[in-house]
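Let's walk through this fold together, starting with its sheet and then moving on to a helix. Please keep the structure open beside you as you read.

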Amino acid sequence: MMNKKKKSYSWNPEDIKFWREMSKGELSDLDVKIFLALRENGRLPDTELARITGVSVPTARRHRISLQERGYVRIMALFIFEEFGLASADVLIKFREDAPKEKIAEFMEEAISHKKVFEIDEYMGEYDAVIKFFDKDFKELKKTIDDFLQGRDILQKTLILPAVSSPKLFTTRMKYKHV
């Protein structure tokens, strides 16, 4: 049996302070440590969280579950598009001022349920939202976006920004595939 060396964590007090401030005091130092560890590796078991944070397993489990139940932490998988040579684009959306709220809500629901949309954010400022699409290549991506936007009378303007590289995804530095 191979003996895997366990990763050691050193907690930067400035990082802990930063995340406590960002959470407006909702997170304890232990909550922040658990969050930071899970952000790096969402598959860490409670026994490992306990080891790296210096608390008992029940305490680590209780804090992790609390973070999840309060909706502060969600453990999920991310599909790294670049690893498969997939194309993605951000589509900035500006709705017409006179667009009926129900039509905007229908449009957003359609975007939420679209299988080639991976993220939607509402914006303040010049644009109202961004819808992030992916597809197998840029030609198919353009067709997917054009088909989705075609005939939408609630849209004042759109801006399509194809992504060519993701040098950082959350905390992970990514490889440049296109350089």
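Which residue stands opposite Phe134 in β3? Ser88 does.

## About the model

This is a predicted model, in which local features need pLDDT of at least 70, side-chain atom pairs count only at pLDDT 80 or more, and totals for chains, interfaces and linings use all residues. Residues are numbered from 1 along each chain as its sequence is written, and side-chain values use heavy atoms, with hydrogens and water left out.

## The sheet

Four strands make up an open sheet, ordered β2-β3-β1-β4, with antiparallel pairing. Strands here are DSSP runs of E with at least two residues, and helices are runs of H or I with at least four, numbered from the N terminus. Two strands count as paired if DSSP finds at least two bridges between them. β2 (117-122) and β4 (155-163) stand at the edges with a single partner strand each, so one side of each has no neighbour in the sheet. On average, neighbouring strands are turned by 20° against each other, direction ignored (axes are lines fitted to C-alpha atoms, and angles run from 0 to 180 degrees between N-to-C directions).

## Strand β3 and its partners

Strand β3 (residues 129-135) is joined to β1 (residues 87-95) by 7 bridges, and the two run antiparallel. Its Phe133 has Ala89 opposite, and Val117 also stands opposite Phe133. β2 and β3 pair in the antiparallel sense over 5 bridges. They form a hairpin with 6 residues between them, and Gly125 in the turn has a positive phi of about 110°.

In a regular strand, side chains alternate between the two faces of the sheet. In β3 both faces are covered: Ala129, Ile131, Phe133 and Asp135 are buried on one side, and Val130, Lys132 and Phe134 on the other. Buried means under 20% relative accessible area, exposed over 50%, and partly exposed in between (1.4 Å probe, protein chains only).

## Helix α6

Helix α6 (residues 138-149) has 12 residues. Its buried residues are Leu141, Thr144, Ile145, Phe148 and Leu149. Seen down the helix axis, they fall within an arc of 120°, so they line one face of α6; the arc is that of the directions from the axis to the C-beta atoms. Their cover includes β1, α5 (101-113), β3 and β4, where contact means heavy atoms within 4.5 Å. The face turned away from this buried side carries the exposed residues Lys139 and Lys142.

Just after α6, Gly151 takes a positive phi of about 75°.

Methods. The expected span of a helix is 1.5 Å times one less than its number of residues.
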